[in-house]
Amino acid sequence: MKVFRAKACQSPTRKGWSIMFQHPFKKDERGRSHPFVKRFMYTEQHDEIDMLVEEMNELLRVQDFWTSTAKGRAKARYDERVVNAFYNDIEKKTSEQIDSEYEYVHVIGEQGSGKTSLIRQLLGIKKECGFLGIGSKGAYSATYKVKDSQHYEAAVSFFTRSEVQRKVENILLRSAEVYAEGGTDYDLVFELLHGDSSFNLRALLGDIPYKARYFNDDVPLRMSDENSSFKQFVDAIKRESETVKDAVDQEGRDFAEVWHKRLECRKITEQMLLAIESRLREYKEGTWEIGEDDWPISCRLTAKELSFFDPLTNEEEENNGRLIYPLFRRIEVSGPFSFKKG
C-alpha cells in the first residue's frame, strides 16, 4: 500500500505556509493517479502549520476519507483549511479578462519594426520612462487600451500552475530523450534551457551551467560556479533517463509513456516548479491575486509601480535567472492618449 505524506513549505508570494502532498484519489490532466497538490494554509505560525500537516497526514492515512462523499465527515473532525485543501478542485480558473468592452486594432510587423514605439508615442510615453518591456522571446501577448484616466496602469495575468507544469514536463521529457539517444551532458542542458522557444527556462533558472563546448570533444565539461545549484536537475534527469531507457529496451514500451508515469520523474518536475516559484519572492510591487495553489493569477500595477516591474521582462544578459516573464499569459496596459508631437 502506498504511503502518502504531507509537508509544509513557505509561500514564495505571501507571508505564511503552504502544504504539499500527493493526492490519493484524484487524477491529473494526463489521467495519472496521485498528482502533487499544493495549497496555501493561511497561517504564519510554525506550531499551527505543524498541527495542520499532522491532520493532513492523518487524513491521508485513513482510506475511508478517500472519496468526495466523505467531505462532511471530515469537516467534523479536521480543520476547515485541511478539509478544503484535500477536497477542493485542484484546478483554479485564470482571472477573468479585463475590460472586454473595447474594440481592438492589431499592429502587425516584423521584430524591431517599431510597433511598440508607435504605441508608446500614441500614449505619450517618453522613451526614458520605465515601462514594461516586451521580450523578444516572450510568448505572452500585450494589449494597449485607452482609458479615462490621467495615469497608466498595467494588469498582468499568469499561466496557471498546471499549464506551467505541462510545459516543464515536456521540456524535461525532451532533454531526457536527447540524453537517452546518446547525447552529451551539454546536449541535455542545451535542450533543457533552449529547446522550447515558447517557454524560456533560461530566463527563469539562469544560463547553461556548463562551460562552452570546445572543438575538442575529449575536454570534459565542467559545472559553472554561477549556477551550480542547477546541477541537481541535470543529475536527476540523467539518472532517470538511463532508468527509463533500460525499461524501454527490456519491455518495448514508449519512452514518453514510461517517463511520465514514473514518480521519480514527476518529482523532478515538482522540484523545478518550486525553483521557478522562488523567483516570485523578489517582486513585491503591485496588487497580486494568488490562487489556492499558491500560484499567481494576476498582478495589477499603477504608473508608479511600473518601473519596479520592468526588470521582469528585460532580457538583458545579466537578468537571466531572475525573470518571470515566461509565466505571463498577457499584459494589458491602459492609459490616456496624447496627441502631442512625438
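**Close-up views of a predicted model**

View 1. Ile19 has Arg39 as its bridge partner in β3, where strands are DSSP runs of E with at least two residues and helices are runs of H or I with at least four residues, both numbered from the N terminus. This is a predicted model, in which local features need pLDDT of at least 70 and side-chain atom pairs count only at pLDDT 80 or more, while totals for chains, interfaces and linings use all residues. Residues are numbered from 1 along each chain as its sequence is written, and side-chain values use heavy atoms, with hydrogens and water left out. Strand β2 (residues 17–22) runs antiparallel to β3 and is joined to β3 by five bridges; two strands are said to pair if DSSP finds at least two bridges between them. The open sheet has the order β1-β2-β3. Because β1 (7–10) and β3 (36–40) each have a single partner strand, one side of each is left without a neighbour in the sheet.

**View 2. Asp28 in the loop between β2 and β3.** Is Asp28 buried or exposed? Asp28 is buried, with a relative accessible area of 17%, where buried means under 20%, exposed over 50% and partly exposed in between, for a 1.4 Å probe and protein chains only. The side chains of Asp28 and Arg32 are joined by a polar contact of 2.7 Å, that is, a pair of N or O atoms within 3.5 Å in which, within protein, one must be able to donate a hydrogen and the other to accept it, and residues adjacent in sequence count only if both atoms are side-chain atoms. A polar atom of the Asp28 side chain also lies 2.9 Å from the backbone nitrogen of Arg30.

**View 3. The five-stranded sheet.** Five strands with mixed pairing form an open sheet in the order β4-β8-β5-β7-β6. The edge strands, β4 (141–146) and β6 (287–290), each pair on one side only. Between β6 and strand β7 (residues 296–302) there are four bridges in the antiparallel sense, and Thr287 has Arg300 as its bridge partner in β7.

**View 4. The largest nonpolar core.** This core has 55 residues, and Leu327 is one of those with the most contacts inside it; a nonpolar core is a set of buried Ala, Val, Leu, Ile, Met, Phe, Trp, Tyr and Cys residues joined through side-chain atoms within 4.5 Å. Helix α5 (residues 161–180) gives the most to this core, with eight residues.
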